[in-house]
Amino acid sequence: MNLLLTGGLGYIGSHAAAEFFESGHNVVLVDNLSNSSLHVLESLKRIVDRSLPFYELDVNDSNGLASVIRAHDINCVIHFAGLKSVADSIKSPTDYYRNNVGGTITLLEAMSATGVRKLVFSSSATVYGIPQYLPLDEDHPTIPVNPYGRSKLMVESILRDQCDADPSWGIVSLRYFNPVGAHVSGHIGDRPIGEPNNLMPYVNSVAERERPFLNIFGNDYDTPDGTGVRDYIHIADLVLGHACAVRSLKSDALGFKVFNLGTGLGHSVLDLVKHFEFVSNVEIPFRIMGRRSGDVAVSYASARRAESELNWTATRDIRDICKSVWNFSQRRRSGAGGCN
Ligand code: NAD
Ligand code: WQD
């Protein structure tokens, strides 16, 4: 298929670009570079051994999107572009609604104008809010507790309405749990600009001795060791979930569908640190801090719907994840390249 990947130079989009290209699709990337750089395009070139078509474009630019869609005869869009920091969304909610909600509406308009009716959307487990039961399945109430989560839920409502209005549309919304890990090549991975918000890149930066210790946000949760538990999913498994979603859109059963992408397993912060130390053979010093505002004690997925309807399941474990992150880190530090 001819696939357009918005946010194609971001952490998840770049891994998806490599996977889709290597499985025989034509991929076209657009990104406004607000949270990525052209270095990622160079890294992708090393992975796939050719230059992928890229446009520096904002998804709020409807005409620009329509031109790209027409120029490459796009059949399906995978919409990664968006802002993703919970903390920033609380500080600057309108940026989040403009980018995540407004950008998706513009994209839908460009797709309508060009006759493209298939879309895969990057949603988030954040739409569930505070878990009322575990594992979180897709029928769990959606009561997001921050503007970022609300922006994702608003988009899901818009996408459902679009499919109701015109049954020729097929849209899959994928609710990611905690995507982590790096490409097997070590060329791309999750390397946020500035101080990492998320656990895995922070642990890695401590292992690299860029930061003296990890701050663990709370050890008094009702969990086996008191630290927060999450469902960490390897980026390689996550992108395969997108491949299964795209495949499902080739069938006749269109309309709007929602799937969790997670492993179904939870790991605590201390558990993840222990695995990272084992894999890297580097000690991760840490100190226990107070709880981080907005955090929940435990979150993990039921991925049964994706297993039964998309034939997808995560196969990589926490050790595989830590190995891939450490490989990315080592490769980058050795000067062999690799960035994101
Ligand atoms: P990322 O920030 O690395 O990638 C997003 C990309 O979109 C960036 O390259 C950025 O420059 C680009 N972008 C942002 N706004 C844009 C706009 N208006 N026009 C064009 N490009 C724009 O984030 P990621 O981790 O790759 O996440 C991809 C998607 O998955 C996001 O929608 C995010 O909300 C969602 N998601 C991510 C996680 C996670 O933990 N990484 C979890 C759940 C959902
Ligand atoms: C994981 C655990 C922290 C950092 C976030 C977003 C979510 C989704 C994924 C986009 C928690 C603890 C963390 C640190 C720590 N993104 N922690 N020290 O909060 O589950 O999810 O990213 O959709 O929307 O909310 O992930 O990696 O930030 O935290 O102790 O320096 O690690 O308290 O228990 P989170 P995370």
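This is a predicted model: local features need pLDDT of at least 70, side-chain atom pairs count only at pLDDT 80 or more; totals for chains, interfaces and linings use all residues.
A disulfide would require two cysteine sulfur atoms within 2.5 Å. For Cys76, the closest cysteine sulfur belongs to Cys163 and lies 12 Å away, so the pair is too far apart for a bond. For Cys244, the closest cysteine sulfur is that of Cys76, at 13 Å, which is likewise too far for a bond.

Two of these cysteines may also be described by their accessibility. Cys76 is buried, because its relative accessibility is 0%. Cys244 counts as buried as well, with a relative accessibility of 8%.

## Nonpolar cores

The largest nonpolar core comprises 41 residues, and Leu5, Leu29 and Leu174 have the most contacts inside it. The element that gives the most to this core is helix H8, residues 235–248, which supplies seven residues. Apart from this core lies another, of 27 residues, which includes Val28, Ala66, Leu108 and Val116.

Which residues does Leu29 contact, leaving aside neighbours within four places in sequence? Its partners are Leu5, Gly8, Leu9, Ala17, Leu41, Leu44, Leu52, Pro53, Phe54 and Tyr55.

## Helices H1 and H8

Two packed helices are described by the angle between their axes and the distance between the axes. Helix H1, residues 11–22, and H8 have axes that come within 9 Å and cross at roughly 65°. The crossing of H1 past H8 is right-handed. On the H1 side, the contact is made by Tyr11, Ile12, His15, Ala16, Glu19 and Phe20. On the H8 side, it is made by Ile235, Leu238, Val239, Leu240, His242, Ala243 and Val246.

## Helix H6

Helix H6 covers residues 147–165, a run of 19 residues. From its first C-alpha to its last it reaches 26 Å, close to the 27 Å expected at 1.5 Å a residue.

The buried residues of H6 are Pro147, Tyr148, Gly149, Ser151, Lys152, Leu153, Val155, Glu156, Leu159 and Cys163. These buried residues pack against helices H4 (86–91) and H5 (93–114), and against strands S5 (118–124), S6 (170–176) and S11 (255–261).

## The loop at Val282

Val282 is located in the loop between helix H9 (269–280) and strand S13 (286–289).

Not counting residues up to four places away in sequence, Val282 touches Ala207, Arg209, Glu277 and Trp326. Glu309 is 27 residues from Val282 along the chain, and the C-alpha atoms of the two are separated by 41 Å.

How values were computed:
Residues are numbered from 1 along each chain as its sequence is written. Chains are lettered from A and ligands numbered from 1 in the order in which they are written. Side-chain values use heavy atoms; hydrogens and water are left out. A nonpolar core is a set of buried Ala, Val, Leu, Ile, Met, Phe, Trp, Tyr and Cys residues joined through side-chain atoms within 4.5 Å. Buried means under 20% relative accessible area, exposed over 50%, partly exposed in between (1.4 Å probe, protein chains only). Helices (H or I, at least four residues) and strands (E, at least two) are DSSP runs, numbered from the N terminus. Contact means heavy atoms within 4.5 Å. The expected span of a helix is 1.5 Å times one less than its number of residues. Axes are lines fitted to C-alpha atoms, for helices over the stretch in contact, and angles run from 0 to 180 degrees between N-to-C directions. A crossing is left-handed if the near helix is turned anticlockwise from the far one by less than a right angle, and right-handed if clockwise.
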